[in-house]
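Open the structure in your viewer and keep the selection tool to hand. The stops below are given in the order in which to select them.

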Amino acid sequence: MSGPEAVTRASTSRPSASEAERAGASSSAERRRELIAYWGYRLAEKVINLLPRRVVLPLAAAAGNAAHDLTADKRGVVRGNLARAMQLPVDHPRVRRATRQAFRNYAKYLVDVMRLDSLEPSDVEKLVMIDNLPLLEEARAAERGVLLCTVHVGGMDLIAPALFHHGHELHVVADDTTYGRLYEHLRSIRARHGLTLIGWRSLRGLFRALRAGENLVLFCDGGYRDGDVPVEFMGEATTFPAGPATLSARSGAPLLPVACSRLPDERFRSRGLPLITAASDEPAELYRATQALADALGSVITEDPEQWYIFRPVWPQTDAERASARSALEAARRGEDWTKRTP
């Protein structure tokens, strides 16, 4: 083979020298970023664990203030979410104050997460109170596992050490595709507190945990995505992931909405809300269970919106998306499969 065809075949069968160099440079840059992230985290973690919590938290709040002032894009997203939760215009003074406080609370949450490495059982007992632990034990009665469903509020990572103190372990889905060294470090720390990380692509891992009667944590405020379960969330049409209700239907595990709120004295209070079950994975039943979940978790947020820190839009952002979300919600309310509706 010779001529242009041979050149074409060669160019598609192996990368050129320049392409290989670019790929190598990209891989090298990625490794450098991973090392910087890992060692930067470890250094910050060491400093934060050396200082008393009463000293670190005010510093974290100041860092949250700075992040609020310097990241206009994230500030706009959080403000838009909180405006909907508070049923106020996005430029209302209360919304602006709540947005700043959400950044402060998020920074303090990160500090508490980074202090897990030195957290002792005696510290956990003082730091986290659980209001209705018997509700979890009731949910576990059938030994099919429990799906603890929540949103990014308060101090959710602190639930695991608290429940571990009472003899319960948790599993949570995490992104294991980037920054592998840092992921392994975080995985080992959480494992000591009864929290097992499951790679986000491991569907088998989720079902395996439920079949073993384990507790699985799922976050539900990931934002609007066409094709997910339509719900009315704090008065506006959006979507929740189909995973919680689908897993419940297929495994028999109940859904337990849960919150872990930061108190004025910087401790945490965790509580579960009434159990929800999905009897089947038919569209109408998935919608019913997911809407009940959205109502429960929405009530958690509206109680204290300043504790809700989610840095991606939760509701549709364009007129076309809003119209699609409302159409899907109307179809779901009629008991129809919203994914097969005519636009």
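**First stop: a buried aspartate**

Select Asp-228, which is buried at a relative accessible area of 10%; buried means under 20% relative accessible area, exposed over 50% and partly exposed in between, with a 1.4 Å probe and protein chains only. This is a predicted model, in which local features need pLDDT of at least 70, side-chain atom pairs count only at pLDDT 80 or more, and totals for chains, interfaces and linings use all residues. Residues are numbered from 1 along each chain as its sequence is written, and side-chain values use heavy atoms, with hydrogens and water left out.

Asp-228 sits in the loop between β5 (215-219) and β6 (229-233). Helices (H or I, at least four residues) and strands (E, at least two) are DSSP runs, numbered from the N terminus. Now show what surrounds Asp-228: apart from neighbours within four places in sequence, its contacts are Thr-239, Phe-240, Pro-241, Ala-242 and Trp-338. Contact means heavy atoms within 4.5 Å.

**Pro-283 and Trp-338**

Leaving out residues up to four places away in sequence, Pro-283 touches Glu-336, Asp-337 and Trp-338. Then select Arg-33 and draw a distance from its C-alpha to that of Pro-283: the two are 250 residues apart along the chain and separated by 43 Å.

Go back to β6 and step into the loop between β6 and β7 (236-240), where Met-234 is placed. Met-234 is not a glycine, yet its phi is positive, about 55°. Most residues other than glycine have a negative phi, and most peptide bonds are trans. With a relative accessibility of 13%, Met-234 counts as buried.

Next select helix α11 (residues 243-251), where Pro-244, Ala-245, Thr-246, Leu-247 and Ser-248 are buried. Gly-252 follows α11 and has a positive phi, near 85°.

**Val-151**

Move to the loop between β2 (146-150) and α8 (159-165), and pick Val-151 there. Is Val-151 buried or exposed? Val-151 is buried, with a relative accessible area of 0%. Display its contacts, not counting residues up to four places away in sequence: Met-156, Phe-219, Asp-221, Leu-297, Ile-301 and Trp-308.

**Helix α9**

From Val-151, draw a C-alpha to C-alpha distance to Tyr-183: the two are 32 residues apart in sequence and 22 Å apart in space. Tyr-183 is one of the buried residues of α9, together with Leu-182, His-185, Leu-186, Ile-189 and Arg-190. Look down the axis of α9: these buried residues fall within an arc of 160°, so they line one face of the helix. The arc is that of the directions from the helix axis to the C-beta atoms.

Just after α9, select Gly-194, which takes a positive phi of about 80°.

Select Ile-48 in helix α2 (residues 17-50). At 12% relative accessibility, this isoleucine counts as buried. Setting aside neighbours within four places in sequence, Ile-48 is in contact with Val-56, Val-111, Met-114 and Arg-115. Trp-308, already listed as a contact of Val-151, is 260 residues from Ile-48 in sequence and 23 Å away in space, C-alpha to C-alpha.

Now go to the loop between α4 (72-86) and α5 (93-114) and select Gln-87. Its phi is near 60°, a positive value in a residue other than glycine. How does its exposure come out? Gln-87 is exposed, with a relative accessible area of 53%.

**Last stop: the whole chain**

Clear the selection and zoom out. The protein chain has 13 helices and nine strands, and its C-alpha atoms fill a box of roughly 75 × 55 × 50 Å along the principal axes. Of its 343 residues, 45% count as buried. Among contacts between residues at least 6 apart in sequence, 75% join residues at least 24 apart.
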